[in-house]
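Here's a friendly walk through a protein chain, in questions and answers. Have a look at it first, then read on.

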Amino acid sequence: MPGILISAGHMFESLRLTLLLSIVIPLTVIVGITISIAVSAIEENLNLRLKEDLELVARAASGPLEQAMQEGDDLVLDEALKSIFRIGRIYGASVYDKDGVKVARLGVVDSDVRSSKSATEVIESGKRGGTFRQVEGQSVFSQFTPLIAEDGRIIGLLQVTRKRSDFQQLIAFSRTWGVVVWCLISAIVSLVVVVGHYRSIGRYVNRLLEAMSGMAPRNWQIPSPEASGPREVRQLYGGLESLGERMARAETEIQERSERERDLGNQLEYQEKVAMIGRVAGGVAHELGAPLNVVQGRATILARLGLNASQQRHVDDINHQVERMTRIIQQLLDCFRHVPDARRSVSLIPLLQGMTDDLEDDSRAPSVPIELNLPGCEALVWADPIRLELACLNVVRNACKAAQKRVSINVLQAEDGWIVQVDDDGTGIPVEVREKIFEPFYSTRPAGQGTGLGLAMVKSVMKEHRGDFDVSDNQWGGCRMRLYWPAVPTSQHGQEV
């Protein structure tokens, strides 16, 4: 998940960079080109206006100058030149005759224009003209205007000059404003793109990243997508939500599969252990059966010889130990031998009644009152009667050994069968060992008082019958053991024993 968040953060930054590269920079370049073209047009227009200003000044002064040239009035000629300086920013003004010889001057002008191509063209064509040129070391714009007599003859030439710096200042001013406008537009566009990106996408992507930061194993759910966000962002939310659900399902499946594999491994290990113990039990039963019979037979013969009390006590001890060893071997065989399927419809009522009657005479079960609570029906189960009785007998016998004053047997109906529930008022079984008590040779009693095979045999019987069992505490503080027996299949009704 940290890798996903880093990638998402890079995506967020890349999106912003993409917007800047694909929108802001091209738009800024386009605006710059547009402003440059506009500034060029403005510069050209300024140049044209400055030239037109000089042309208007020259045109206004040409009338009095033409009259003064015809009359030869130098005074009027000088006054007309002075009036030109009062009109605007004029750097110089001069009057030449038709041959280009200077007649009058004021300010900085050419002393001789006969070498000027523009002046020659104006005198020859009679049309106004102008050009940028150097006059006394200064770059100026010279406006040449022909002076025409009343009869149409060209009698002179008027030159009005203006500094080139006047043009350049206006051009520089326009360029400065162009750069300022371009910078302002670029800044505004960048700000609009960044703010617009955040308001329309960025804040929703930030929330998406915050939602993703909380995704982790066992917590793959994210908040529902916001309806107010853009459709694409809502689609991302939906896709991420679906991904989280799939991740949660996959995680659950992996956990369940791991648990199943662990359970299967434990079962396989247990089956291997049981198989090994079964083989050992068969070998032990085969090897010890004959010697035990011989020992028991010899003890019986000795008992017939009329022994005294001390000797008879020793013979009785031999018989007791032989019977105990025989019982252990029989329990081993009952626990681990493969039993053919002899299941049939069996009623729990008479079976439990007969079993409790037999326990009253069983020397291996302490004399503890047994309370038997039976239902009013037959309580039919699908089981092997011998194995069924053997399992119930071991459970009740253990309860009698653990009880202090009472044992209770209840038969309860379940959804798919019947439950034999056995309660005692003993000390109970600790929770941490409840799984172990069904393992072969595990016993909670002191050494020599239990083989640890009774409940292992119960577990084996319940597995044979596809039943179940559990251990818990009861209301007396003792142990409660429940055996779940399957009901009679519908197709097998009528085969009761």
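A salt bridge here means a side-chain nitrogen of Lys or Arg within 4 Å of a carboxyl oxygen of Asp or Glu. This is a predicted model, where local features need pLDDT of at least 70, side-chain atom pairs count only at pLDDT 80 or more, and totals for chains, interfaces and linings use all residues. Residues are numbered from 1 along each chain as its sequence is written, and side-chain values use heavy atoms, with hydrogens and water left out.

Q: Which residue forms a salt bridge with Asp473?
A: Asp473 sits in strand β11 (residues 468-473), and its partner is in the loop between β10 and α9 (454-464), so the pair ties together parts that are 39 residues apart in sequence. Helices (H or I, at least four residues) and strands (E, at least two) are DSSP runs, numbered from the N terminus. The closest N and O atoms are 2.6 Å apart, and the partner is Arg434.

Q: Is Arg434 buried or exposed?
A: Buried means under 20% relative accessible area, exposed means over 50%, and partly exposed is in between (1.4 Å probe, protein chains only). Asp473, across the salt bridge, is partly exposed because its relative accessibility is 46%. Arg434 has 14% relative accessibility, so it counts as buried.

Q: How many residues apart in sequence are the parts that Asp423 and Arg480 tie together?
A: The side chains of Asp423 and Arg480 meet in a salt bridge, 2.6 Å from N to O. Asp423 belongs to strand β10 (residues 417-424) and Arg480 to strand β12 (residues 479-486), so the parts they tie together are apart in sequence by 57 residues.

Q: What is the relative accessibility of Asp423?
A: Its salt-bridge partner Arg480 counts as buried at 19% relative accessibility. Asp423 counts as buried too, because its relative accessibility is 2%.

Q: Where is Arg406, which meets Glu371 in a salt bridge?
A: The side chains of Arg406 and Glu371 come to 3.3 Å, N to O. The pair links distant parts of the chain, 35 residues apart: Glu371 is in strand β7 (residues 370-373), while Arg406 is in the loop between α8 (385-402) and β9 (407-414).

Q: Is Glu371 buried or partly exposed?
A: Arg406 has a relative accessible area of 35%, so it is partly exposed. Glu371 has 37% relative accessibility, so it counts as partly exposed.

Q: How many salt bridges does the structure hold?
A: Among them are the pair Arg406 and Glu371 and the pair Asp423 and Arg480. Asp473 with Arg434 is another. The count for the structure is 4.

Q: What is the phi of Arg466?
A: Arg466 lies in the loop between α9 and β11, and it counts as exposed because its relative accessibility is 64%. Its phi is positive, in a residue other than glycine, and is near 55 degrees.

Q: Where does Ala379 lie?
A: Ala379 has a positive phi near 55 degrees, though it is a residue other than glycine. At 2% relative accessibility, it counts as buried. You'll find it in the loop between β7 and β8 (380-383).

Q: How far apart in space are Val315 and Ala299, C-alpha to C-alpha?
A: Val315 lies in helix α6 (residues 309-336) and is buried, with a relative accessible area of 4%. Leaving aside neighbours within four places in sequence, its contacts (heavy atoms within 4.5 Å) are Ala299, Leu302, Ala303 and Leu307. Val315 and Ala299 are 16 residues apart in sequence, and in space the distance is 5.8 Å.

Q: Which share of the 497 residues of the chain counts as buried?
A: The secondary structure comes to 9 helices and 12 strands. Among contacts between residues at least 6 apart in sequence, 65% join residues at least 24 apart. The buried share of the residues is 35%.
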